[in-house]
Amino acid sequence: MKVRYFAWVRERIGKPEEEIDVPPGVGTVGELIGWLSGRGEEYAYAFENPKVIRAAIDRAHVRPDTPIKGAGEIAFFPPMTGG
Amino acid sequence: MTATTVRIQSEPFDAAAEAAKLARGRTDTGAVVTFTGICRGDEAGEPIAALNLEHYPGMAEAEIERHAAEACARWPLTGVTVLHRHGRIAPGEDIVLVVTASSHRDAAFAAAEFLMDYLKTRAPFWKQVEKAGLKTWVEAKSTDDAAAARWAREDQAAE
């Protein structure tokens, strides 16, 4: 699965995107955040406050309880500040 | 069928020309509302050098198109144009443009406000301020969330 990061989530992790193999047992967006957080200090820092992290699956907003099964691309980013 | 234009671009835009395009060649439009968001030269009383706007290509267009379609479903619009810039934007330059056209002003005003409120909180753009040699990410404002929330309907309350 392709994972993309934007704004300060991208800066903290140190890369804009990567391919990951999601282990069995990681079924939702929130569970994926939890699993990513355990991959290293940079991930723990990016996801230190999971409540502020926003996510999108295949370019549409999703909530933490959304299943990730079948997702092609999942993105994590801070609250949006456009306009 | 409402004429809808959504563009994400780094280049500047011509707000007056975009507004004129929406009314040109038709006689059913009685009102055009234009909103332009401009980069201010200061933040919290301190001068800034520029704003840098990051976006999520593909999703930014899709999200704005979804909200433009939603605006068309809610109000009798004859035209909608939304342009949003990305990249480095200097003070005084335009950032975002929303133009709504309708037979009467109420729908045009309401739809423009709806679109701006949603752009602020749902369109995947992130602003970074360049100030005194430092780059800092702009924090989301709870007042923007509140502004967007007032448009939520019963069927979207869980969004």
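**Chain A, then chain B**

Reply: Buried residues make up 27% of the 83 residues in chain A; buried means 20 or more other C-beta atoms within 10 Å of a residue's own, exposed means 12 or fewer, and partly exposed is in between, with C-beta atoms placed from the backbone. Keep in mind that this is a predicted model, where local features need pLDDT of at least 70 and side-chain atom pairs count only at pLDDT 80 or more, while totals for chains, interfaces and linings use all residues. Residues are numbered from 1 along each chain as its sequence is written, and chains are lettered from A and ligands numbered from 1 in the order in which they are written.

Me: OK. What order do the elements of chain A run in, from the N terminus on?

Reply: They go β-α-β-α-α-β-β-β, with three helices and five strands in chain A. These are DSSP runs numbered from the N terminus: helices are H or I with at least four residues, strands are E with at least two.

Me: And what's the radius of gyration of chain A?

Reply: 12 Å, close to the 12 Å that the globule rule gives for 83 residues, so chain A is as compact as a globular protein of that length. The radius is taken over C-alpha atoms, and the rule is 2.2 Å times the number of residues to the power 0.38. The C-alpha trace spans about 35 × 30 × 20 Å along its principal axes.

Me: Switching to chain B. Which residues of helix H1 are buried?

Reply: Glu18(B), Ala19(B) and Leu22(B), in a helix covering residues 15-23. Down the axis of H1(B) they fall within an arc of 100°, so they line one face of the helix; that arc is of the directions from the helix axis to the C-beta atoms.

Me: What does the face turned away from the buried side carry?

Reply: Ala16(B) and Ala17(B), which are exposed. After the helix comes Gly25(B), with a positive phi near 75°.

Me: Now the sheet in chain B. What's the strand order?

Reply: S1-S6-S8-S2, four strands in an open sheet with mixed pairing. Two strands pair if DSSP finds at least two bridges between them. S1 and S2 of chain B stand at the edges with a single partner strand each, so one side of each has no neighbour in the sheet.

Me: How many bridges join S2(B) to S8(B)?

Reply: Eight, and the two strands run antiparallel. H1(B) packs on this sheet, touching S1, S2, S6 and S8 of chain B, and its direction makes about 20° with that of S8(B). H3(B) lies across S2, S6 and S8 of chain B, at about 150° to S8(B). Contact means C-beta atoms, placed from the backbone, within 7 Å; axes are lines fitted to C-alpha atoms, for helices over the stretch in contact, with angles from 0 to 180 degrees between N-to-C directions.

Me: Last topic: how many residues does each chain bring to the contact between A and B?

Reply: Chain B brings 21 residues and chain A brings 14. On the chain B side, H3(B) gives the most, with five residues.

Me: How do the residues on that side of chain B divide?

Reply: Into 13 nonpolar, four polar and four charged. Ala, Val, Leu, Ile, Met, Phe, Trp, Tyr, Cys and Pro count as nonpolar, Asp, Glu, Lys and Arg as charged, and the others, Gly among them, as polar.

Technical notes. Contact = placed C-beta atoms within 7 Å.
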